[in-house]
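Hi,

Here is the structure I promised to pass on. Could you take a look at it alongside my notes below?

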Amino acid sequence: MLLGEQEQFLSYNGEVLVFQLSKPKHVEGAADKTMNLCVRRMVFNRETKLFVQKSSGAFSMSASHSKIEMICCSCTTDSRTGIILPCILMKKKKRNNIKYLLLLLHSSNQFEQAFHFKLDYELKEDIRLFAGPSVLWRHANKLFYISSNTCMVQSAPFQLSSLVWTGEIVGEGTVVLGIRTACLPESEDTDELSISDRAIWGSELFGYAIQTQKMLTGTCFMPHAYSRVVSSVYICKNERLKKQLRISLVAITHKNQLIWFQNGLPKSVCELPFEKPCSVKTAVTRSNDLLFIVSFACGNSCVVQRRDSLQVASKWQKVKSVLVDDFIGSGSEQLLLLFKDDSNTEVLSTFKITDLEVVNYASGINYKHDVPAAEGLQENGLLTVQALETRLQAGFTSVRELQQHLELKKKVILESCRALINLVEERTHILPKAKEKMFFCKEGLVSLWDDVENPPHSPSKETSLASKVPDHFTEKLWQRVVGDSLVVGVKLTESFSLSLNGVSLSLVMDQDFPSISPIIKCQSKIIKLNKAFSTLEVSSCQIEPPPKKMKLDLYNKNDLKVEFPKRPSGVQQDGAKTVIAVTSLSPLLAFHRVCCVVLLHAKKQKHGNDGLQESKMITVLCGKILLSLEDISNGRFSVTMLRDNSYCTGAMEDILAILAASVRFSFQIMSSDCTLTPVNSWLLGEMECTPFKECHDNIFCHKAGNMYGTVFSWSLKNPFEGVLTIFCRNLTVLFQCLHSLTRVLPPSCAVKLLRSGRKGVLTEQLALALEKEMLTLKSSFFSKERKAGNSFTWGNEAGKKIDNAPLASLLDTVEGVQQFRKKFQNEREQSVLSMNQTVNGALYQKIALKIAEAQLSSDMIVWRLS
């Protein structure tokens, strides 16, 4: 607001507040010793397209031998409530005594005096109101401020030539941006380029945080070269990223320019249409466009749009005030321009509301032809409400049907889980009660269970799952707690694991909780340990390439051994397989004590008559685990890793639990001119790693902090190339490890993330997979020839007689030539028939499936190698 005007305008929550100073009506016999500060709340009427008065209020002040003026007004935050309220600064001058009052306006139109203060000089330069409420001004090149919390005038310990902005910055509170003469101390925490810039230009832009009394460098706002020409600044956005302040702002200059700065660098500039710009503010339109409104000392205004570049979108002359708010209630901001009109003394008589897009209202225009009649508006409103009610009712019906469907789905899943548990544990499943049966039938569902309550005992049809597998197929069932994960492991016997493929574990709660599903979500992993403990391999659910639709398991070397007995002798074939399930621990602890059934799912392989392998899904009960909050608190299932001389000691189950609960990453490290000796030194030195006593190739990190518990495996292919495998809890730990590693590696080293597994192992698996694909095609072809050949009759009796006759004797006579021609014709027909053989549809489907599985296996390994 311009200093000293007796009429001030302020926008607040879509309203226009008009402040005016006036004398009360003269009463006969009374002295004229009071002055009233009146406020009128004006709102825009969209029907009449005019501003109408909503309410009003007044504040009386004693004016005996005093001159009262309005200095400025603004909307600031009241620190007592955190609510933004309009406030106005008043000046009361009586001879040499100058008193300033700061008033707050409440929603009830009642004025409250926040504080007052006295000065021996008048406020004339750079007066700002900010949160508190507080008042800030510049006098004699010094900065002064007073707040409602202290009610005492304070000064800043520096001098400045101008004040360009006051506002809030993240992490700093209220900040003042000013321009001062460049200060060049001998020891300064900045670069030499910044010092030289300030020395050349002689001035600098700086920031000052009022609450913390901290100085901010001006280079994060704009270069020092612009400090000589900038007259006003508006900060559009400020944030902190990694403790660094990032700021976007616009500045107007004495050269009649508007400049856009991003993180201290100029990005765009625009020439302004008028001279002497004095202030800039912003508005955001309904299309999310950012507008810059620039006001000029001569009473003109313009709007600059920021799209590809800064461009002047519109300009106006003889503007008394420009306000920004949502005056029409559309949900976006508009500009309200109040024009100077000496012929009309009415408040808000000459105005314009626009957003430079679809909103465009102006005074003096008749909108009657554009607005429908009141009856039509009421009728349209009624129809709209009825349509909305219908849509709301339809949506409510859909939600209710969806809830019923989910409830039914939940009941079916729970009953199926109970049937599965009873089937695995060889218990008789009790069918649903009659009431639940009626519910299922009512919903149109067909029962998957027999309707007979007590079916007759039929030993011929009763089969046991346990009879299909060896009696002692598991060596051990164990559980561990690693962080927020529960790890359950089943160690299979060697003879049993050789005949399985696609092995996984399931955890099912043994208790009957009617409101939740008994199946626990978990991730299955397979860990194979060689008897010599020379290698340790971990495999989990593979993320396959996007085009693939089937999931295959080619991680287990024992599986390949079964399918290809003549495998290379260099690959370890002895070993035991451990299947592990990892699940979140915290949901289980909500039950305080829970019992889970451990089920093993696998494909049992056998050789068919046609030479192809056949797989059959089996489910095996491995046992039960008990888990309670008391056991967790006592550390019963915790992992224990201790240092014993130069080794890390711990049970094998502890090692497997750590590996299963971790995320595995493999990196290929290559150096062109240096050996990779620093990697081993880094692991044993900085990372404080020690090898497992049971498995020397894997080392455990004892370094305090986030990296404790990380497992490394370092394998050198040659002195210049190796593979580093990291088992870590999360990506944060991985990045910390890599950051530490890159500091010790030579600059010429290249680190490449491997998708899965080592290159040598994958190459061997690819060769085996291609061999399997070739054998599958060969066996399928011979099977088709054998089955199809039985349906044809090759040759005939006459042909058999002709076969024994000498060829020369047949060609000597006419009859012989005819016989030879007949024989040739029969052989040609048989050749055509052999090329058009047909097979049974079921056989063709089986052959096609086997071939597709073999091709998918080789494609999967090729993708992992790429």
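This is a predicted model: local features need pLDDT of at least 70, side-chain atom pairs count only at pLDDT 80 or more; totals for chains, interfaces and linings use all residues.

Six bridges connect S1 with strand S2 (residues 15-22), and the two run antiparallel. Within this pairing, Glu7 sits opposite Gln20 of S2.

The protein chain has a mean pLDDT of 76, with 73% of its residues at 70 or more. Among its elements, strand S22 (residues 290-296) has the highest mean pLDDT (93), while helix H5 (residues 557-563) has the lowest (29). Two stretches deserve a mention here. Over residues 449-469 pLDDT stays under 50, and the model has 22 contacts beyond four places in sequence for them. Residues 788-804 also stay under 50, with 15 such contacts.

One more residue to look up is Ile851, which is part of helix H15 (residues 841-865). Is Ile851 buried or exposed? Its relative accessibility is 19%, and because buried means under 20%, Ile851 counts as buried. Leu777 is 74 residues away from Ile851 along the chain, yet their C-alpha atoms are separated by 6.5 Å.

Happy browsing, and do write back with any thoughts!

Best wishes

Notes: Residues are numbered from 1 along each chain as its sequence is written. Side-chain values use heavy atoms; hydrogens and water are left out. Helices (H or I, at least four residues) and strands (E, at least two) are DSSP runs, numbered from the N terminus. Buried means under 20% relative accessible area, exposed over 50%, partly exposed in between (1.4 Å probe, protein chains only). Two strands pair if DSSP finds at least two bridges between them. pLDDT is the predictor's confidence in each residue, from 0 to 100. Contact means heavy atoms within 4.5 Å.
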